[in-house]
Each structure stands twice: as structure tokens, then as C-alpha cells.
Amino acid sequence: MSVATIGGDSLHIRDVHFSYGELNIFKGLPIEVRPGEFLSIIGPSGCGKTTLLNLLSGFLSPDRGEILLRGEPIAPEDPHFGYVFQQPTLFPWLSTIENVEFGMKMEGRLSAAERREKAAHYLAMVGLAGFEAYLPTKLSGGMQQRVSLARALAMEPRLLLMDEPFGALDAITRETMNDELLRLWDELGQTVVFITHDIDEAIYLSDRVLVLDKPPGGIYRELVCELPRPRSGPVTRTTELFWQYKKQLMADISQVSAKVGRFN
Ligand SMILES: Nc1ncnc2c1ncn2[C@@H]1O[C@H](COP(=O)(O)OP(=O)(O)OP(=O)(O)O)[C@@H](O)[C@H]1O
Ligand SMILES: [Mg+2]
């Protein structure tokens, strides 16, 4: 693996309890993520995946328990993470490069020239050199999601939170984006917490996959993905080991979905 240029932080989720009023979502959730690990989380709709990301970002606070980043409690006001949503959520009136610069501008740490240079760098990294002046509406869905990724990366977070970032893309574009993401992660080295409904995507990308249980159940399964890296498209996806993991996770999802009543 190449030397990581950003690096990642450890994440400790200890005994986290969280409810929305009467609705218990987590009751003593434990998750440990090592620095630079790629962790995916799958589970039925409504099991608390987005809630978990919101706890990790500090948008929500646990009722009990603690969430530590590099051993320190997370501070919501501290921009400790990059977040990539299912939809690109770009400002339609700003150009591609202005969208990428936006967070840096809000932060106010860099000069205009430095911001521009960094934004151009990350746009090139996601394969969008030459599209700096385009408005988002002139880009395809996959390209828009690359802009969102560049926007998150430009803040150089050591923790990347991704909530089904490729869920709205067609299967071929999604596979391309998976490879692009792995290439970037290999180079930058962040800790990634990635939510997906797609079992193949979770296995292909991750060091480890967690299946969330019906609330307030916590973790139903932990699967360590020992597929060799770099992962290489169809070769990886057609190995016996990949297939074994897939069978296991399909069975798990089916069990949990039966408890919850639906899965999407
Ligand atoms: N702000 C809120 N207030 C009350 N209940 C909420 C709130 N947000 C989510 N919930 C409930 O908490 C549960 C978990 O929601 P969450 O959005 O975390 O699920 P999810 O696993 O991300 O689902 P999906 O796969 O559909 O995105 C759901 O039953 C949902 O209705
Ligand atoms: Mg969700």
C-alpha cells in the first residue's frame, strides 16, 4: 500500500444507547474501527444506519455511552469528518469547482488561491479535470457524485462517512465508482464508515462488514473480508471466498429482514 497522504483516525463506539423518544434504536452498541479501516454497515431499512452516522458526525448525541475519535470525544463543532450523501446535494448555481471550494470557504482557513488549487487537485483525483467550470446540471449522476466526493475529500478529513453514496447510480457506474473510491482510499488512507444496501458492494470495498440487527439489537454479524487487495473487479467478484461471504451475508440479511418485516 502506498504512503497515506491524509491518514485515518481510530473510532471507538462504546456502550452507545440512543432513542428517538419511545423508539429505542441502540442499546449498548459497541463498534471499534481501527485507523484507516474500511468498514461497511448493512441492514434493513429503519434499523438505524443513518442514525449511527449522525451519531458519528455529532449531529446526534448518544443518551448513554461514548464515541471517541482518536481517543477523544467527538466535538460537533470540529470538522472531523467528510460526509457523502446518497444524493449529490450540490448547489446548482455554483460551478463544479465552486461547489468543491464551498466547505473550505466556510471554514475560512485558506486563501482564495489555496482553495482553488486544492479544489482543482481533488477534482483531478476524482477524474474531473477539465470540468471545473461546469454547472452540476450539465454533469451525469456519476459525475455529480464524484464532485460530492471531491468536496468531502478537499476538507482532508481523517474520517469519511458515506451514506449509500452510489445507491442512485446504475450498476456499471457503481462498480466504476467502487474502484475509484478504493484507489483514492489507498492513496489517502482515511478511516471509512460506508453504508450500503448492496451486499456485493460491501464485500468488494471493505475490510469488515457489520450487519445491523432489528432495533434495538445492535450488531447481528461481523464479517472480516480477507479478500486480497488491490481488489480487481471481476476477478475478485468471482472468487470462491467472495461467494462464501455473499452467501453468508444474504442469509443474515434474510434473517434480520424477517424480524423487521422488510428490506430495501
Ligand atoms: N428524527 C427522527 N425522529 C423520530 N424517529 C426517527 C427519526 N429519524 C429516524 N427515525 C426512526 O428511527 C429508525 C431508524 O432510522 P434510520 O434513518 O436510522 O434508518 P436507516 O437504517 O438509515 O434506514 P434506511 O435504510 O431506510 O435509510 C426508523 O424507525 C425511523 O423511523
Ligand atoms: Mg438511512
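**A quick briefing**

Helix 1 supplies the largest share of the shell around ligand 1, with 3 residues. Keep in mind that this is a predicted model.

**Around ligand 1**

- Let's meet the neighbours: ligand 1 is surrounded by Tyr20, Leu23, Ile25, Pro44, Ser45, Gly46, Cys47, Gly48, Lys49, Thr50, Thr51 and His197.
- Sorted by class, that shell has 5 nonpolar, 6 polar and 1 charged residues.
- Strand 2 (23-33) and helix 1 each bring at least two residues to the shell.
- Lys49 reaches ligand 1 with its side chain, where an N or O atom is 2.7 Å from an oxygen atom of the ligand.
- Gly46 uses its backbone instead: an N or O atom there lies 2.9 Å from an oxygen atom of ligand 1.
- For Tyr20 the ligand atom is a nitrogen, and it is 3.4 Å from an N or O atom in the Tyr20 side chain.
- How much of ligand 1 does the protein cover? It covers 57% of the 640 Å² of accessible area that the ligand has on its own.

- Picture an open sheet of 6 strands, in the order 6-7-8-3-9-10, with mixed pairing.
- Strand 6 (82-84) and strand 10 (219-224) stand at the edges with a single partner strand each, so one side of each has no neighbour in the sheet.
- On average, neighbouring strands here are turned by 15° against each other, ignoring direction.
- Inside the sheet, strand 3 (residues 38-42) and strand 9 (residues 208-212) run parallel and are joined by 4 bridges.
- One pair to look up is Ser40 and its bridge partner in strand 9, Val209.

**Helices on the sheet**

**Strands 1, 4 and 5**

- Strand 1 (residues 11-20) pairs with strand 4 (residues 64-69) in the antiparallel sense over 5 bridges, and His17 has Arg64 of strand 4 as its bridge partner.
- Strand 4 also pairs with strand 5 (residues 72-73), again antiparallel, over 2 bridges. Leu68 has Pro73 of strand 5 as its bridge partner.
- Strands 4 and 5 make a hairpin with 2 residues between them, and Arg70 in the turn has a positive phi of about 50°.

Note on methods. Residues are numbered from 1 along each chain as its sequence is written. Chains are lettered from A and ligands numbered from 1 in the order in which they are written. This is a predicted model: local features need pLDDT of at least 70, side-chain atom pairs count only at pLDDT 80 or more; totals for chains, interfaces and linings use all residues. Side-chain values use heavy atoms; hydrogens and water are left out. Two strands pair if DSSP finds at least two bridges between them. Axes are lines fitted to C-alpha atoms, for helices over the stretch in contact, and angles run from 0 to 180 degrees between N-to-C directions. A residue is near a molecule or strand if one of its heavy atoms lies within 4 Å of it. A polar contact is a pair of N or O atoms within 3.5 Å; within protein, one must be able to donate a hydrogen and the other to accept it, and residues adjacent in sequence count only if both atoms are side-chain atoms. Accessible areas come from the Shrake-Rupley method with a 1.4 Å probe; for residues, only the protein chains shown count as cover. Ala, Val, Leu, Ile, Met, Phe, Trp, Tyr, Cys and Pro count as nonpolar, Asp, Glu, Lys and Arg as charged, and the others, Gly among them, as polar.
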